[in-house]
Amino acid sequence: MPINSLNFRLPKHIIPVPTPEEKYQKLAPGVPDSKLTRAATGLLYQFSTPLLINHSHRVFFWANELGRQTSQPYDAELLFVCAAFHDLGLLKTFRSEGDRFEVDSANAVRQFLEHHGVPHTRIQTAWDAISLHTTPGIAAYKPIEVELLYNGVGLDVLGIGYEGLDPKLRDKVVAQFPRVDFHRQIAQAFQDGFGYKPQTTEGTCNEDICSHFIRNYKRSNFYEQIQDSAFPNS
């Protein structure tokens with residue numbers, strides 16, 4: 001597989017990330033204002049859905065507040081870009097036939113940031129944050145932006161850390177980016193986004209979505225795979 005100048009192993013089939021029209025590049029209050037955040041916002045509004053637009057913004061505001069609470073320095077601009085891109089792999093414009101949707105989203109952000117001349121270390125942080133945003137146990141040992149995105153997603157989807165937020169902030173963000181029928185709609189968006197390639201969800205929490213929606217779906221069994229390995233018994 002070819003390796004580009006930033007030492008990323010490229011996907012076999014590169015899905016071009018479009019350039020959003022300027023009319024879509026309007027930032028919400030509280031989002032850091034930069035060329036990167038405007039372009040990321042434009043991609044969301046031009047190519048995504050109201051469900052994911054609202055979800056991605058809420059994830060940013062939750063993650064941003066969690067970052068503020070840590071009193072540690074973090075890259076708010078990059079955090080917003082990660083929040084904007086983290087679910088784009090669920091959409092036809094950005095999704096592949098064989099990669100996990102998180103990886104499709106991460107590959108899209110890599111291409112986007114590379115196009116904008118962002119340094120390698122920031123691109124790697126963004127790629128890790130998005131590719132790992134559904135993977136437990138790792139984000140806490142990565143750069144803080146990776147952990148903040150993971151926690152922001154967990155808060156918006158599962159309510160983890162909800163009680164630790166200022167009620168005024170919760171009300172303000174949800175009023176601006178409503179969460180109407182979110183539980184049902186996000187589950188359906190997941191199924192629409194990766195249900196056609198359930199094998200990519202094996203070993204992840206997303207396998208539970210496939211188990212729910214796909215009739216006669218049979219998840220893999222790691223124990224059985226060990227027992228059935230080609231090596232002779234020892």
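**Cavities and fold**

Student: What volume does the second largest cavity have?
Tutor: The second largest cavity holds about 30 Å³. A cavity is a set of 1 Å grid points where a 1.4 Å probe fits but cannot get out; the volume is what probe spheres on those points, joined across faces, edges and corners, fill. This model is predicted: local features need pLDDT of at least 70, side-chain atom pairs 80 or more, while totals for chains, interfaces and linings use all residues. Residues count from 1 along each chain as its sequence is written, and side-chain values use heavy atoms, without hydrogens or water.

Student: Which residues line the second largest cavity?
Tutor: Its lining (an atom within 4 Å of a point) is Arg-100, Phe-101, Glu-102, Phe-194, Thr-200, Thr-201, Thr-204 and Asn-206.

Student: And how much space lies in the largest cavity?
Tutor: About 90 Å³. Pro-11, His-13, Ile-14, Ile-15, Phe-94, Ser-96, Asp-99, Asp-104, Asn-107, Ala-108, Arg-110 and Gln-111 line the largest cavity.

Student: How many cavities of 30 Å³ or more are there?
Tutor: The count is 2.

Student: New topic. How many helices and strands are in the protein?
Tutor: There are 10 helices and 0 strands (DSSP runs: H or I, at least four residues; E, at least two). The protein has a radius of gyration (over C-alpha atoms) of 18 Å, close to the 17 Å from the globule rule (2.2 Å times residue number to the power 0.38) for 234 residues, so it is as compact as a globular protein of that length.

Student: What does the C-alpha trace span along its principal axes?
Tutor: About 60 × 45 × 35 Å.

Methods: On a 1 Å grid over the protein atoms alone, a cavity is a set of points where a 1.4 Å probe fits but cannot get out, and a pocket is an open set with protein on both sides within 12 Å along at least five of seven lines; lining residues have an atom within 4 Å of a point.
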